[in-house]
Amino acid sequence: MARLIFSLVLVVFGMGAGYCFRLAIKRRNLGIPVEKTRKMLQRVALLVLNPVAILGATWVANIQDIKIAAMPVLGVTALFCGGMTAYAGSRFLKLSRQQTGSFVVCGGFTNIGSLGALFCFIFLGEKGFALVPFYKLFEELIYYAVGFPIAKSFSDDASGNRPFIRRLASAATDIFVVTAVLSILTGLLLNLSGVQRPQVYADINAILIPLAALLLLVSIGMAMQFSSVRQYFKPALIICSIKFVIVPFLVVSIGYGLGLGNIDSGLPLKVVMILSAMPVGFIAMVPPTIYRLDIDIANACWLLTNGLLVLIIPILAFLLGQM
């Protein structure tokens, strides 16, 4: 119960603080650049705090069972399942071309790195957090090499798509991808070397992981806009069913069939359950912005799925307790 309350308070406080901070900047003309501040918070979390935490957690992770190799495949499966199901939903809703592009992105792009990692840490501890990078190993590559071009194909100007190899190379050299991969590889090398991790590292991660999540949540709150939710409530509800029912059911079923429930008291399967049931990631707002798709429908889907975390977190806590 304490972990459940802590996770709810952290999410509500982080997003609420970010939203109130943006309102204060706007109403009092403080002259603080909102977008620049948001990006700074994200860079500190993703390029400074998270790499240290990932390295330390991977250092002591239980990676001996070869079945762990299925986790990146499950992560990719969840992204593609969400996107394809959202496309089917857009046909049912008879959405326009620009709306469909945003809708597909919302179905596929997921908040794994900040919220998912946070909940894995809170409910499953450092060992659960250590498995998050394996699940999301190809996340950024899929986003930039596949998701962004698909979104662009729904724009008015879809003629500028780069060749797949160039998109893949660009994604692979992205600073956030490189930093995450280097953190994982360094942690794996230390894990396999047999070198003992300093005991103080556990205390450091107990601070770094929630702090990184808090910075990301504040940055998310600074971008929240509620005006579009009423207009696109029905499409947003469909995205909720995709994110919280269809994708988790499929991915967890596959993970169970692959035997992840038999490893380390079912820890990998529990991680998959949490990460596959996360809301729309804020990165889903980027393609609609740069490709002139429907930003309002993307904002509505993002807001409603993230808002429903107050219900999803207790449900996840209950299900994890039954495993």
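Predicted model: local features only at pLDDT ≥ 70, side-chain atom pairs only at ≥ 80, totals over all residues.
At 5% relative accessibility, Leu269 counts as buried, where buried means under 20% relative accessible area, exposed means over 50%, and partly exposed lies in between (1.4 Å probe, protein chains only). Residues are numbered from 1 along each chain as its sequence is written, and side-chain values use heavy atoms, with hydrogens and water left out.

Leu269 is found in helix 11 (residues 267-276), helices being DSSP runs (H or I) of at least four residues and strands (E) runs of at least two, numbered from the N terminus. Once residues up to four places away in sequence are set aside, Leu269 touches Val252, Gly255, Tyr256, Leu260, Gly261 and Met323, a contact being defined by heavy atoms within 4.5 Å. Between the C-alpha atoms of Leu269 and Phe226 the separation is 35 Å, the two residues being 43 residues apart along the chain.

Two packed helices are described by the angle between their axes and the distance between the axes. The axes of helix 10 (residues 233-257) and helix 13 (residues 295-307) come within 8 Å and cross at roughly 50 degrees; axes here are lines fitted to C-alpha atoms, for helices over the stretch in contact, and angles run from 0 to 180 degrees between N-to-C directions. The crossing of helix 10 and helix 13 is right-handed, a term applied if the near helix is turned clockwise from the far one by less than a right angle, and left-handed if anticlockwise. On the side of helix 10 the contact is made by Phe233, Pro235, Ala236, Leu237, Ile239, Cys240, Lys243 and Phe244, and on that of helix 13 by Ile297, Ala300, Cys301, Leu304 and Thr305. By class, this contact has 11 nonpolar, 1 polar and 1 charged residues, with Ala, Val, Leu, Ile, Met, Phe, Trp, Tyr, Cys and Pro counted as nonpolar, Asp, Glu, Lys and Arg as charged, and the others, Gly among them, as polar.

A salt bridge was assigned to a side-chain nitrogen of Lys or Arg within 4 Å of a carboxyl oxygen of Asp or Glu, and the count by this rule comes to 2 salt bridges. In one of them the side chains of Arg197 and Glu126 meet at 2.5 Å, N to O. Arg197 lies in the loop between helix 8 (175-193) and helix 9 (200-221) and Glu126 in helix 5 (residues 112-135), so the pair ties together parts that are 71 residues apart in sequence. Both Arg197 and Glu126 are buried. A salt bridge also joins the side chains of Lys136 and Glu139, at 3.1 Å from N to O, and both of these residues are buried.

Backbone geometry was also examined in two loops. Lys94, in the loop between helix 3 (70-93) and helix 4 (97-108), has a positive phi of about 55 degrees although it is not a glycine, and Lys94 is exposed, with a relative accessible area of 74%. Asp264, in the loop between helix 10 and helix 11, likewise has a positive phi, near 50 degrees, in a residue other than glycine, but Asp264 is partly exposed, with a relative accessible area of 32%.
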